[in-house]
Amino acid sequence: MNSTNERVKPALQPSQPLHIDVRRVLFRALRYWYVFVICLALALSYSYFKTRYAVKIYPVTASILIKQKEETSEGKLLYNNPLVSGFRNYLDELYLIRAYPLIQHTLEELNFGVAFYNEGNVLTTEIYDPQIATTILENGGDHRFYVKMLEGQHFQLFQNKDNPKPKEFKFGDTVRYDNLTFIFTLKENSKGTIPLNQTVIFTYSNPAYLTSTYVSGLQVAWAEEGAGVMNLSINGSTPTKDMDFLSGLVKSYQNYDLNKKNQVASRTIDFINDQLTVISDSLHMAERQLERFKGQNLLTDISKEAERLYVRMEPIEEQRTELTLRKSYFKYLLEYVNKDNTYDKMILPTSVGVNDPILTSLISKLIDLQLVIKMQTVMENPVLADYKRRVGELKKDILESVKNQQGTDKIREELITNQLKSFEKQINSLPSAERKLVSIQRNYSLLENLYIFLLQKRAEAGISRASTTTDISVVNPPMLAGGPISPKPGQNYLLAVLFGLGLPSLFFMLMEIFNSKVQSKEDVEKVTSIPFVGGIGHKSGENNLEVLVNPKNSISESFRALRSDLSYFLGKHDKA
């Protein structure tokens with residue numbers, strides 16, 4: 001039989017996985033309960049002050065309707081408007097309403113570069129639309145200084161609140177201060193108020209610098225797939241200001257849509273006016289020539305044969321008038337496409353009587369694409385390169401279509417010329433006076449028909465411009481969509497409780513994980529297979545003879561118990 005020493009041969013157990021004594025962690029946490037109380041109080045206090053002094057953010061929403069089909073207006077009952085393109089790519093509308101130029105124009109119209117702030121001890125809040133109206137005449141960048149309203153139509157400006165050194169001015173005067181030239185005036189209707197003798201902060205920022213902030217903050221989305229309703233939303237600390245912004249943006253978008261429709265008609269009117277100016281002089285000359293000829297030759301009428309020839313030639317002359325105008329338009333179109341890069345100012349063929357649906361469709365698409373590019377050049381739009389590629393393709397198609405039209409017109413012109421030559425041979429057989437009269441009347445009739453045709457087209461373009469309405473209408477005006485979305489008191493306090501209780505709990509768990517001291521019988525049994533004989537507690541003190549000094553305390557009893565256990569394990573006889 002093996003001896004006892006051999007039977008209890010020390011042997012370390014293999015490394016044990018990480019084990020946390022939950023019971024010991026819990027007892028330690030209960031022992032230091034005040035740590036939890038302190039952490040929880042600090043977390044709740046921080047959450048309270050954060051909720052109390054944080055800037056409240058409110059959601060503001062609006063909805064607009066983009067008509068898919070243009071409604072018939074009173075003007076279209078008189079004239080079927082060919083100058084307003086029905087082409088609208090609704091996928092572009094989300095980009096257009098968030099375009100930098102459109103939003104910058106809105107900010108400039110609303111004068112959002114100017115702002116007044118009430119400076120508090122902790123929080124600084126904006127005073128939106130106070131009784132002070134600001135007109136900026138000249139600026140040199142961003143500006144910030146203090147303003148104090150005084151009695152008697154006066155106010156003070158100064159840079160340093162601690163050491164004011166104010167300068168006093170009068171409302172209505174042109175002020176030059178801090179490289180900024182402006183005029184302060186008082187208005188009656190205002191949404192905010194600056195009390196007398198209270199110091200407020202005045203700031204001015206270039207609207208171009210504010211544009212990116214509003215572009216990134218504006219959210220635009222269709223109400224649902226296939227619908228023409230677009231939802232707009234923006235979050236900010238001043239809901240009244242955000243509502244005014246959305247109202248101004250919708251108004252600017254409506255004006256953009258209306259100008260987009262009317263610009264073709266306006267360009268057409270300008271083009272026709274230029275043509276009328278040239279033709280009008282020639283028509284007056286032909287009219288005077290006709291009157292002089294009749295007066296000199298005492299010839300007021302022509303023979304029946306001459307009248308017959310003139311009546312047969314008149315529709316042919318009208319066709320030649322049409323070809324003349326078409327030739328002028330095609331020349332203008334080729335020069336415009338080859339030289340100009342602002343294709344949104346092109347004139348549609350239908351405006352001058354060129355009724356080719358393919359060419360009209362190509363030019364309409366080119367105009368719309370150019371407008372989209374014009375509104376998106378400041379933004380990093382991923383589809384901008386594709387738009388430019390499509391513009392190049394449309395240019396090629398337009399040039400090819402114009403060449404085809406010119407080829408067709410050349411054939412028609414040759415046919416008309418041959419017909420006129422045939423009639424001219426018959427006219428040459430007439431008496432000299434009648435022959436000259438028919439020739440003068442032909443020239444006069446050609447110019448008169450062209451003049452009347454252009455007047456008609458100008459009238460049609462005017463009706464088109466007057467009868468056009470925007471396709472953008474307001475469904476839901478800008479409104480506050482509920483209470484503040486930030487800060488969230490409930491969420492903040494919940495996080496404070498979790499943090500206040502979780503941090504000390506994590507601390508005590510880490511203490512347990514990284515504690516390498518032997519604190520109990522179980523700690524020894526985890527790392528060795530040696531039988532546990534006994535344990536002696538630790539006691540700090542100067543005396544090392546604890547059993548001799550205090551023979552009846554717990555440590556002395558531990559030593560006696562250990563001696564008894566050792567005599568049992570190390571006895572001469574096997575006790576197993």
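Does Trp33 count as buried or exposed, and at what relative accessibility? At 53% relative accessibility, Trp33 counts as exposed, because the cut-off for that class is over 50%. The structure discussed here is a predicted model.

Trp33 belongs to helix H3, which covers residues 33-53.

## Helix packing against H13

Two packed helices are described by the angle between their axes and the distance between the axes. Helix H2 (residues 22-31) and helix H13 (residues 489-514) have axes that come within 10 Å and cross at roughly 130 degrees. H2 is therefore oblique to H13. The crossing in which H2 passes H13 is right-handed.

Helix H3 also packs with H13, at an angle of about 155 degrees and with the axes 8 Å apart. This angle is over 145 degrees, so H3 is classed as roughly antiparallel to H13. H3 likewise passes H13 in a right-handed crossing.

A network of salt bridges links Arg24, Arg28 and Glu512.

Lys187 counts as partly exposed, because its relative accessibility is 30%.

The side chains of Lys191 and Asp244 also meet in a salt bridge, at 2.6 Å from N to O. Here the loop between S9 and S10, which holds Lys191, is linked to helix H8 (residues 239-297), which holds Asp244; the two residues are 53 residues apart.

## A buried salt bridge

Another salt bridge joins the side chains of Arg326 and Asp409, with 3.0 Å from N to O. Arg326 lies in helix H9 (residues 304-339) and Asp409 in helix H11 (residues 384-427), so the pair ties together parts that are 83 residues apart in sequence. Both Arg326 and Asp409 are buried.

Definitions and conventions. Residues numbered from 1 in each chain as written. Predicted model: local features only at pLDDT ≥ 70, side-chain atom pairs only at ≥ 80, totals over all residues. Heavy atoms only, no water. Helix = DSSP H or I, 4+ residues; strand = E, 2+ residues; numbered from the N terminus. Buried < 20%, exposed > 50% of the residue type's maximum accessible area, 1.4 Å probe, protein only. Axes fitted to C-alpha atoms, helices over the stretch in contact; angles between N-to-C directions. Parallel < 35°, antiparallel > 145°, perpendicular 65-115°, else oblique. Left-handed = near helix turned anticlockwise from the far one by under 90°. Salt bridge = Lys/Arg side-chain N within 4 Å of Asp/Glu carboxyl O.
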